[in-house]
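Open the structure in your viewer and keep the selection tool at hand. Each stop below gives something to select and says what is there.

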Amino acid sequence: MNRLNEALPSLDDYVALFSQGALPILRRTARDLAAMREQEGNVNGKQITQVILGDPLMTLRVLSHLEIHRRQAQNHAITTIDRAVMMIGITPFFRQFDDLPTIEDALADTPAALIGVLGVIGRARRAAHYAREWAIIRHDLDVEEITIAALLHDTTDILCWVFAPTLTAKVHALQRADASLRSAAVQREVFGFAANEIQLALAKKWQLPELLIHLMDESRADNPRVRTVALANDLARHNAKGWGNAAIPDDLTAIQSLLKLNREQLIRRLAIPEEDAIRLMPAPEDASEADAEPPATPD
């Protein structure tokens, strides 16, 4: 695996770098799938799906594989993992996704980068959880699509740690030095492009379903489904080290608008610790939002 130590001139160059070889997955994912393979006759698709959805890169691999090998008779894309596993079949799945490289092996010589990757994956899982809960509140027509889009939204952050740990560490160092810097601005300074720009280029290269690409495209934030995914990832990024981040009150205001909830209801649903909840409640003169509005209509 080639390591990147300086910015590349184009999105195509990043796509080529991140597309080299097989994407690594978590060692735990590889171990769990290997154990299931040994008990294949007693394993069902739901169990496989649960393992896959714990790993953003494994999720990406499965969806990309299915789209690339879509049959001519299949006139619609598969956008959820349970449907993907059902379409592939359990035995063919284990045959196709056998002996995959792992993130831990790829970063064995850079433990700080491994810690960074595991942090992003934890954040992605949290974003997927938020997005799922909010999609249910909004009566979304397909909750699983929203969940997967949120899980995959920051995949480029994982890939940057794997393929460009030095540059990625520089991004984080700049943000630690100045907490007011926006992530996209720092990414453009160091990599030449924002992570979301690289993400969308990769998604098209890997032939992810158009619907998922649409849901991850923040330029379409006027769409409430896209906004659900984006806000879930924003909140997961901002509360990675607790609820003290200065951006969180703005996040909560935007989420309230999306879900038609008041601040107290939202804080309760997010299970924010009491000491933080008190601080995040609006001042009494601003509490006119306390009355909840009717639930959002389905998309």
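**Stop 1: the cavity**

Start inside: the largest cavity has a volume of about 40 Å³. The model is a predicted one. How many cavities of 30 Å³ or more does a search of the whole structure find? It finds 1.

Select L60, T155, T156, L159, Q199, L202, A203, W206 and L208; these residues line the largest cavity. Now colour α10 (155-163) and α13 (195-205): each supplies at least two residues of that lining.

**Stop 2**

Keep W206 selected. Together with L23, R61, S64 and I68, W206 is among the residues closest to the centre of the second largest pocket, which 14 residues line. The volume of this pocket is about 260 Å³. Its lining holds 7 nonpolar, 5 polar and 2 charged residues. Which helix gives the largest share of the lining of this pocket? Helix α4 (residues 56-68) does, with 5 residues.

**Stop 3: helix α4**

Of its 13 residues, 12 are buried, so the helix is largely enclosed by the rest of the structure. The buried set runs P56, L57, M58, T59, L60, R61, V62, L63, S64, H65, L66 and E67. L60 also lines the largest cavity, while R61 and S64 are among the residues closest to the centre of the second largest pocket.

Check the length in the viewer. At 1.5 Å a residue, α4 should span 18 Å, and its end C-alpha atoms are 18 Å apart, which agrees.

**Stop 4**

Next, select F18, F93 and W134. In the largest nonpolar core, which has 90 residues, these three touch the most other members. Helix α8 (residues 111-137) gives the most to this core, with 11 residues.

Zoom in on W134. Which residues does W134 contact, beyond its neighbours within four places in sequence? They are T228, L231, A232, L235, I255, L259 and L270.

Zoom out to see α8 from end to end. After α8 comes H139, with a positive phi near 55 degrees.

**Stop 5: V143**

Move on to V143, in helix α9 (residues 143-152). Is V143 buried or exposed? V143 has a relative accessible area of 17%; buried means under 20%, so V143 counts as buried. Leaving aside neighbours within four places in sequence, V143 is in contact with R132, A135 and I136. Then draw a distance from V143 to L266: the two are 123 residues apart in sequence and 19 Å apart in space, C-alpha to C-alpha.

**Stop 6: two loops with positive phi**

Select D99, in the loop between α6 (90-96) and α7 (103-106). D99 is a residue other than glycine, yet its phi is positive, near 55 degrees. At 72% relative accessibility, D99 counts as exposed.

Finish at K260, in the loop between α16 (248-259) and α17 (263-270). K260 is not a glycine either, and has a positive phi of about 60 degrees. With a relative accessible area of 30%, K260 is partly exposed.

Conventions: Residues numbered from 1 in each chain as written. Predicted model: local features only at pLDDT ≥ 70, side-chain atom pairs only at ≥ 80, totals over all residues. Heavy atoms only, no water. 1 Å grid on protein atoms, 1.4 Å probe; cavity = no way out; pocket = protein on both sides within 12 Å on 5 of 7 lines; lining within 4 Å. Points joined across faces, edges and corners; volume = space filled by probe spheres on them. Helix = DSSP H or I, 4+ residues; strand = E, 2+ residues; numbered from the N terminus. Nonpolar A, V, L, I, M, F, W, Y, C, P; charged D, E, K, R; others polar. Core = buried A, V, L, I, M, F, W, Y, C linked by side-chain atoms within 4.5 Å. Buried < 20%, exposed > 50% of the residue type's maximum accessible area, 1.4 Å probe, protein only. Contact = heavy atoms within 4.5 Å. Expected span 1.5 Å × (residues − 1).
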